[in-house]
Amino acid sequence: MRRILFSLLFLSTTAFSQEPADAIRYSMTDHGGTARSRAIGGAVTALGGDLSAAYVNPAGLGLYRTSELIFTPSFHFNSTKADYLNTEKKEKKNAIDYNNFGMVLPRDGSYNGRWSNFTFAIGMVNTANFNNKFFLSGNNNQSSFSEKYLEELVRNKVTDPNRAATNFPYGSSLAFNTYLIDTLLNPNNTIKGYRSLAPIASGLQQENTVTTVGGIRDFFMSASANYSDKLYFGGSVIFSRLSYERNSVYRESDLTKKLNNFNYFESEDYLYTSGVGTGIKLGVIARPTKEYRIGLSYHSPIVYSMIDQYSAKITTDLEGYMRNGVLKQSSLDLNNGSMGEYQYTFTRPSKLLLGMCYTFGADENVKNQKGFVTADVEYDNYKNARFRPSLNSNNNSGADYLNEVNGTIQNEYKSGLNLRLGGEMKFNTLMARAGFNYMTNTFTASDLSNKRMNASAGVGYRNKGYFVDITYVYQIWNNAYFPYRLEQAYFAPSYLKTTSSNFILSIGLKF
Amino acid sequence: MAVLVVGILLVGCSTAYRSGQTPDDVYFSPARNNSGYVVVDDEGGNGSYNAADVPMQDRYLRMKTFGGSRWNVFDDDYAYWNNPYWNNRAYFDMYSMNGFNGMGLNNFALGNPFMFNPMSYYYSPFSPLYYGQPVVVLNTFKTTVAPRNSGPRVYNLSNYTPPRQTTNYSKFGSGSGQYYNSNMNNSYYRSNDYNSGGSNRIFSNNSSGGSYAPSSTPSSGSSGTAPVRSFPRGGNQ
């Protein structure tokens with residue numbers, strides 16, 4: 001009996017299901033990092049000499065001859081425009097975080113006179129920022145959010161209404177117990193299906209507010225070796241910490257405002273995902289002349305041990321249907337007060353980066369240093385993102401479903417390219433920088449897009465052993481969000497366009 | 001916490017390049033043993049390094065003022081054991097008790113430009129002696145009291161991504177941006193002819209239909225937390 005109950009719980013659908021979008025969210029990361037590297041579009045694969053090398057191309061640490069301590073806070077001002085059913089809504093959210101910090105400690109080499117120096121670095125960098133908020137609203141006479149509960153029950157052939165009332169605690173059971181959906185009977189009073197009380201034909205106002213917080217922080221330990229100032233080799237061990245928290249409030253209201261057994265319903269869903277993972281990064285930089293550098297870096301897959309915690313709640317006002325007033329029910333009511341929980345592993349796919357750089361005045365005298373231009377291309381194989389049951393789990397729960405998700409990832413997404421370009425002009429102690437960064441769309445569907453574009457500019461001052469860099473990054477990020485999906489009815493995406501103004505400040509010390 | 005640690009480090013550290021050019025490793029820096037950097041000549045410096053120019057007294061006094069006895073550890077002669085200036089002199093060798101006891105090293109230290117070299121063991125942020133304790137990373141997972149439901153958040157993936165080979169994933173309506181998954185599941189169908197205007201999902205194969213009562217007992221006239229509905233098997237209410 002317990003096994004049957006478990007398997008039925010396992011089949012329940014939540015608003016925030018384990019879905020391919022999760023994989024892209026956790027895989028589509030950026031370099032993050034120092035204000036200097038952000039100002040030049042993150043194109044540091046061949047550049048080196050900046051803390052960002054530790055988590056982009058560790059070989060670049062080999063260019064360090066002096067120790068450095070750096071701290072980078074950042075400020076984000078996000079605005080997301082949601083276009084849903086031809087209605088546009090805008091929502092804003094601001095955040096502050098410490099983008100990165102770290103320390104670089106070079107040591108002179110001189111073994112056989114060839115290995116010029118060895119460099120070690122430790123620190124942290126934010127590679128993803130999930131802080132955002134968006135609101136969508138539109139009128140719909142084609143489908144209702146509540147229909148996904150109907151599909152869930154019918155798909156699972158739930159002919160016993162007692163099962164409908166208990167076995168889907170994160171979706172259909174809540175809708176059923178609050179009468180958002182009810183049974184549909186044959187003349188002989190046997191159940192022939194389920195029906196929704198939402199009056200689709202007369203029109204529904206659909207609204208959804210989604211708030212997300214969290215990010216990915218990579219802690220790194222890096223080492224690099226400099227061979228005669230011609231070749232640089234490096235490696236980093238990454239300890240990654242992921243957290244993602246999402247609150248969604250979805251509401252459907254009757255557009256007619258008439259008494260028709262439906263005033264509104266509201267579905268609140270909560271998800272908290274956290275994970276820790278490890279991986280390595282390896283790189284090499286060749287410096288055939290003082291001015292030219294070519295860099296190559298490989299970022300291994302990062303295997304995260306993840307845990308999801310989730311809950312759901314539905315509130316209905318059905319204008320006295322079945323003599324009820326406003327009814328509400330939470331998954332906690334059906335689950336002994338506990339949130340749903342699931343442990344699994346997620347593999348973030350590998351990355352390959354290639355970069356070139358040209359420096360004007362690669363000389364130790366600061367007055368002769370005039371600037372540089374640098375460019376990167378990064379290949380991300382998002383199709384290789386994988387969910388698997390937890391390694392610690394005794395059972396293989398969810399393996400089949402996760403395999404299905406993995407297959408869907410391969411169908412729904414494609415590999416991506418990340419193109420970066422940047423440069424700096426240096427005037428003794430003052431520097432001016434600019435950069436550009438473009439991440440290609442990873443949806444296979446031609447009419448959906450999640451491409452990103454960053455334009456950046458910054459200034460820096462470096463004197464008396466200290467340096468300060470200030471960067472402004474303007475980001476435009478497209479995405480598509482589906483409030484719900486249906487198998488036998490029309491459903492609509494909300495086209496999201498997030499614009500973000502980021503101010504990044506790096507304060508550093510040379511010693 | 002990390003911000004605090006980094007802040008303390010930045011405030012506490014001093015630089016060896018206060019009076020010289022600040023190196024920029026992005027371009028090129030000489031090996032560390034090639035003496036120091038040339039003096040910055042923004043103000044017409046002569047390009048040579050002069051240790052006597054480094055105002056270490058200021059730095060020391062400032063630290064003592066703000067830190068009080070906190071910095072006393074640096075008065076200990078061991079702080080300079082790896083300083084090349086001291087190591088060049090036998091009587092300042094940390095193992096030389098004669099030099100250690102008799103030369104008044106604290107006075108010498110005031111003029112030592114490397115006194116606050118962060119690479120010194122005692123001053124190193126990696127040194128547990130400096131901060132007292134090594135950094136401990138705590139697991140900050142949120143936990144519930146007694147999570148019991150195990151399972152992934154399951155989605156009906158057939159409507160997430162219809163199989164590309166067999167399914168038309170066509171847009172509905174010009175510019176409306178609505179989608180329709182034509183990969184219908186034939187075990188049931190949608191009908192929206194219910195008199196309320198709502199939609200139905202009906203089993204096409206009713207063989208599995210149960211003989212259950214049409215509805216549960218409602219909580220008459222009530223609002224608030226909904227009870228779990230219960231149905232007697234095979235009978236009417």
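A:Tyr304 is buried because 24 other C-beta atoms lie within 10 Å; a residue counts as buried if 20 or more other C-beta atoms lie within 10 Å of its own, as exposed if 12 or fewer do, and as partly exposed in between, with C-beta atoms placed from the backbone. The residue belongs to strand β11 (residues 302–317) of chain A; helices (H or I, at least four residues) and strands (E, at least two) are DSSP runs, numbered from the N terminus. Beyond four places in sequence, A:Tyr304 touches A:Ser240, A:Leu242, A:Gly275, A:Val276, A:Gly277, A:Thr345, A:Phe346 and A:Arg348, a contact being a pair of residues whose C-beta atoms, placed from the backbone, lie within 7 Å. Between A:Tyr304 and A:Gly277, 27 residues apart along the chain, the C-alpha separation is 3.9 Å.

The model is predicted: local features need pLDDT of at least 70, side-chain atom pairs count only at pLDDT 80 or more, and totals for chains, interfaces and linings use all residues. Residues are numbered from 1 along each chain as its sequence is written, while chains are lettered from A and ligands numbered from 1 in the order in which they are written. The pLDDT is the predictor's confidence in each residue, from 0 to 100. Its average over chain A is 88, and 95% of the residues score at least 70. Residues 1–16 of chain A stay under 50, and the model has 38 contacts for them beyond four places in sequence. For the complex, the predictor gives an ipTM of 0.76 and a pTM of 0.75.

Chain A contains 9 helices and 21 strands, and its C-alpha atoms fill a box of roughly 95 × 45 × 35 Å along the principal axes. Of its 511 residues, 55% count as buried. Among contacts in chain A with a separation of 6 or more, 71% come from residues 24 or more positions apart. In helix α5 (residues 147–155) of chain A, 8 of the 9 residues are buried, including A:Tyr149, A:Leu150 and A:Leu153. Just after α5(A), A:Lys157 takes a positive phi of about 50°.

A nonpolar core is a set of buried Ala, Val, Leu, Ile, Met, Phe, Trp, Tyr and Cys residues joined through C-beta atoms within 7 Å. The largest has 61 residues, and A:Ala54 and A:Val104 have the most contacts inside it.

Strand β6 (residues 191–196) of chain A has 6 of its 6 residues buried. It is joined by 5 bridges to strand β5 (residues 181–185) of chain A, and the two run antiparallel; strands pair if DSSP finds at least two bridges between them. A:Leu185 stands opposite A:Ile191 in β6(A). The two strands form a hairpin with 5 residues between them, and A:Asn189 in the turn has a positive phi of about 70°. β6(A) is also joined by 3 bridges to strand β5 (residues 200–203) of chain B, again antiparallel. There, B:Arg201 is the bridge partner of A:Tyr194.

Chain B averages a pLDDT of 51, with 11% of the residues scoring at least 70. Confidence in chain B is lowest in strand β2 (residues 169–172), at a mean of 34, and highest in strand β6 (residues 224–225), at 82.

Terms used:
Contact = placed C-beta atoms within 7 Å.
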